[in-house]
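Please read the following account alongside the sequence and the coordinates, taking each region in turn as the text comes to it.

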Amino acid sequence: MEHIKRYHAARMQVNGRDLLIEGPISGADLAALSFDEGLKAFRIPEMQHKALIEIADLPEGRIIVAREGDHVLGYVTFLYPDPLERWSQAKLPDLLELGAIEISQSVRAGGVAKKLLEVSFLDDAMEDYIIITTEYYWHWDLKGTGLDVWEYRKVMEKVMGSVGMIWVATDDPEICSHPANCLMAKIGKRVPQESVVAFDNMRFQNRFLY
């Protein structure tokens, strides 16, 4: 499968700061930017910056960033699911995972997450993919936001829903391990039926339980 990446950008103001939302950007362009110290949900900022550079240079990898000047304050990633995850079992070339979305505390609650997703889906090539996101409560910044798990889940559903992602059922053990966890997906208009069927088969592998 040819992974077509078309650059898009938009501007917005948050807390008096002028942000450029852009992508997909290359690893070289990302390496030239500084990375905010508040972006530490998954690993220390320096290591996360390095990981994003590597993702950006993957054939299927997409990184969209929110930056003020040359300083990254938020990002969203799209790439193939981890080989250890159920979602990679069918080896679908047209299934991408929204692997992470993270916004620095200094520009949160300003609509940056929605704008990152909006710019991500401006690329018509996204209609060639099944896009999934696995939401686990232990990745959520409950302490930083002051929200409980259900309030945070509502926020995540609203943000993901802004680009047409919907909750879909699954018997995946990790997702089923807590009722606040969920799988969300958006199936592009040009995704072939055989890919949709393969995705459905991955979602339910213990049908005899239902």
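**Aromatic pairs, a helix and a pocket**

With a relative accessibility of 2%, W87 falls under the 20% limit and therefore counts as buried. The model in which this residue sits is a predicted one. F199 is buried as well, its relative accessible area being 2%.

A search of the whole structure finds 6 aromatic pairs. Because W87 belongs to the loop between β5 and β6 while F199 belongs to helix α7 (residues 193–203), the pair ties together parts of the structure that are 112 residues apart in sequence. Another pair is formed by Y136 and W138, whose ring centres are 5.1 Å apart and whose planes stand at 0°, so this pair is stacked. Y136 counts as buried because its relative accessibility is 6%, whereas W138, at 40%, counts as partly exposed. Y136 and W138 also belong, together with Y137, to one aromatic cluster.

The ring of F199 has a further neighbour, for R203 lies over its face, at 5.7 Å from the ring centre.

From the rings we turn to a helix. Helix α3 (residues 112–120) has 7 of its 9 residues buried, and it is therefore largely enclosed by the rest of the structure. The buried residues of α3 are V112, A113, K115, L116, L117, V119 and S120. What do these buried residues of α3 pack against? Their partners are the strands β1 (8–14), β2 (17–23), β4 (62–68), β5 (71–79) and β6 (95–103), along with helix α5 (149–161).

The largest pocket has a volume of about 1400 Å³, and 48 residues line it, among which F42, A100, I101, E102 and H139 lie nearest its centre. At least two lining residues come from each of α2 (45–56), β5, β6, α3, β7 (130–135) and α5. Which element gives the most to this lining? That element is β6, with 7 residues. By residue class, the lining of the largest pocket divides into 25 nonpolar, 11 polar and 12 charged residues.

Technical notes:
Residues numbered from 1 in each chain as written. Predicted model: local features only at pLDDT ≥ 70, side-chain atom pairs only at ≥ 80, totals over all residues. Heavy atoms only, no water. Buried < 20%, exposed > 50% of the residue type's maximum accessible area, 1.4 Å probe, protein only. Helix = DSSP H or I, 4+ residues; strand = E, 2+ residues; numbered from the N terminus. Contact = heavy atoms within 4.5 Å. Phe/Tyr/Trp six-rings, centres within 6.5 Å; stacked < 30°, edge-to-face > 60°. Lys NZ or Arg CZ within 6 Å of the ring centre and 35° of its normal. 1 Å grid on protein atoms, 1.4 Å probe; cavity = no way out; pocket = protein on both sides within 12 Å on 5 of 7 lines; lining within 4 Å. Points joined across faces, edges and corners; volume = space filled by probe spheres on them. Nonpolar A, V, L, I, M, F, W, Y, C, P; charged D, E, K, R; others polar.
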